[in-house]
Amino acid sequence: MRAICLSKYGSIDNLVQTELPTPQPKNRQVLVRVHASALGPADLKVALGKVKFLHGRRFPMVLGYDFSGVVESVGPGETQWQPGDCVFGFLPYGPANNQGAFAEFIVAQADQIARKPDNVSHAQAAAAATSALTALQCIRDQGGLPATDARVLITGASGAVGSTAVLVAKRLGAQVTALGSPSGLELARRFGADAVIDRKNPNLVDNAVGTFNVIFDPAAAYRWSQWKGKLKHGGAFITTLPSAAFFADKLNSLFSPSSVALAYVKSKQKDLELLAGWLESGFEVAVDSTYPVRELAKAYARYQKGDYLGRIVITVDGGFSTSK
Ligand SMILES: NC(=O)c1ccc[n+]([C@@H]2O[C@H](COP(=O)([O-])OP(=O)(O)OC[C@H]3O[C@@H](n4cnc5c(N)ncnc54)[C@H](OP(=O)(O)O)[C@@H]3O)[C@@H](O)[C@H]2O)c1
């Protein structure tokens with residue numbers, strides 16, 4: 001199969017289309033022909049060798065976590081899926097995973113994917129997978145929202161997780177305040193945010209009106225210690241990145257009425273199914289731009305430029321170079 005590979009850490013300007021063995025599905029696995037993937041921060045951090053623990057270290061390395069595609073074949077004992085089914089999800093973030101969706105095929109665990117609704121594009125399903133499940137699991141599971149009058153503040157409004165988190169929090173019935181740069185705030189308004197705060201505002205915290213059940217920080221730029229006065233009793237500040245500041249805050253919050261938590265996204269089938277239902281009924285995440293997989297280096301350059309809005313989608317099926 002064809003894949004776009006890194007030859008060593010840091011070689012993102014020199015990604016090479018390579019012929020690799022097609023993986024074979026084992027017990028309770030399916031082989032998926034990838035139609036679309038997405039490029040996110042993990043793809044950059046791993047490629048640059050800055051965060052190696054999110055991926056296996058085998059070279060040539062194929063990245064790309066999010067995927068949407070069509071089941072090509074199933075492993076022994078698999079009964080839930082059949083060839084031809086359209087499915088989506090994301091590969092595990094961790095050192096045991098040596099696959100990537102910037103390739104023609106991946107194998108996925110049968111119980112870690114969901115059916116892609118017919119009225120949803122592969123691009124949209126791939127763009128939504130990690131970002132929506134991160135937001136869902138952070139806000140709903142780590143945060144825990146009351147049945148009524150839930151209030152959530154979300155940072156990184158122009159990012160993939162932050163922008164999608166606005167949609168997720170609205171689906172969970174919360175009132176949402178979004179914090180970010182102006183283009184992200186415009187998007188957040190479109191996605192239903194009730195209030196917005198420009199992150200350049202010098203009195204950021206004072207400008208957040210009222211108190212919140214959850215402050216979700218996918219920008220990974222803020223601290224519980226800074227925001228604790230804006231958390232309700234029992235409220236939670238939730239981040240997606242480990243840092244020294246997080247561990248210091250964790251310690252300092254031990255006897256506080258609010259908490260601080262770090263969450264890692266998991267590809268839970270039930271959550272993907274919930275997302276599939278939302279997508280089917282019009283939940284649509286922001287897609288900044290789309291590149292064929294043969295132009296992955298250009299997609300990386302776009303991401304590194306930094307003014308993106310939402311997720312960068314990679315078209316995989318039909319996206320490889322045909323010349324040798
Ligand atoms: N733990 C997990 O399981 C998990 C899962 C997914 C992602 N993540 C992590 O979560 C983070 C967000 O992911 P993502 O896909 O949304 O990334 P992203 O698309 O790159 O978005 C990050 C956003 O943060 C804001 N930002 C960047 N630098 C900032 C700064 N210095 N100060 C304030 N805001 C800043 C920007 O939005 P504005 O300009 O609008 O503020 C930016 O768009 C990444 O670090 C990623 O690695 C973790």
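**Legends: the interface of domain 1 and domain 2**

View 1. Across the interface of domain 1 and domain 2, one residue pair is in polar contact, with both residues at pLDDT 80 or more. The model is predicted. Salt bridges between domain 1 and domain 2 number zero.

**View 2. The domain 1 side of the interface.** On the side of domain 1 that touches domain 2, four residues are nonpolar, one is polar and two are charged. Seven residues of domain 1 are in contact with 11 residues of domain 2. Ala286, Leu309 and Arg311 supply 55% of the area that domain 1 buries against domain 2.

**View 3. Buried area between the domains.** Domain 1 and domain 2 bury about 670 Å² between them. Carbon and sulfur atoms give 64% of that area.

**View 4. Where the domains lie in the chain.** Domain 1 takes in two segments, 2-116 and 286-315. Domain 2 covers 131-262. The C-alpha centres of domain 1 and domain 2 are 28 Å apart.

**View 5. The whole protein chain.** Eight helices and 15 strands make up the secondary structure elements counted in the protein chain. Its C-alpha trace spans about 60 × 40 × 35 Å along the principal axes. The radius of gyration of the protein chain is 20 Å, which agrees with a compact globule, because 324 residues would give a value near 20 Å.

Technical notes:
Residues numbered from 1 in each chain as written. Predicted model: local features only at pLDDT ≥ 70, side-chain atom pairs only at ≥ 80, totals over all residues. Heavy atoms only, no water. Domains from an automatic or database assignment. Contact = heavy atoms within 4.5 Å. Buried area = accessible area lost by both parts, 1.4 Å probe. Salt bridge = Lys/Arg side-chain N within 4 Å of Asp/Glu carboxyl O. Polar contact = N/O pair within 3.5 Å; in protein donor to acceptor, adjacent residues only side chain to side chain. Nonpolar A, V, L, I, M, F, W, Y, C, P; charged D, E, K, R; others polar. Helix = DSSP H or I, 4+ residues; strand = E, 2+ residues; numbered from the N terminus. Rg over C-alpha atoms; globule rule 2.2 N^0.38 Å.
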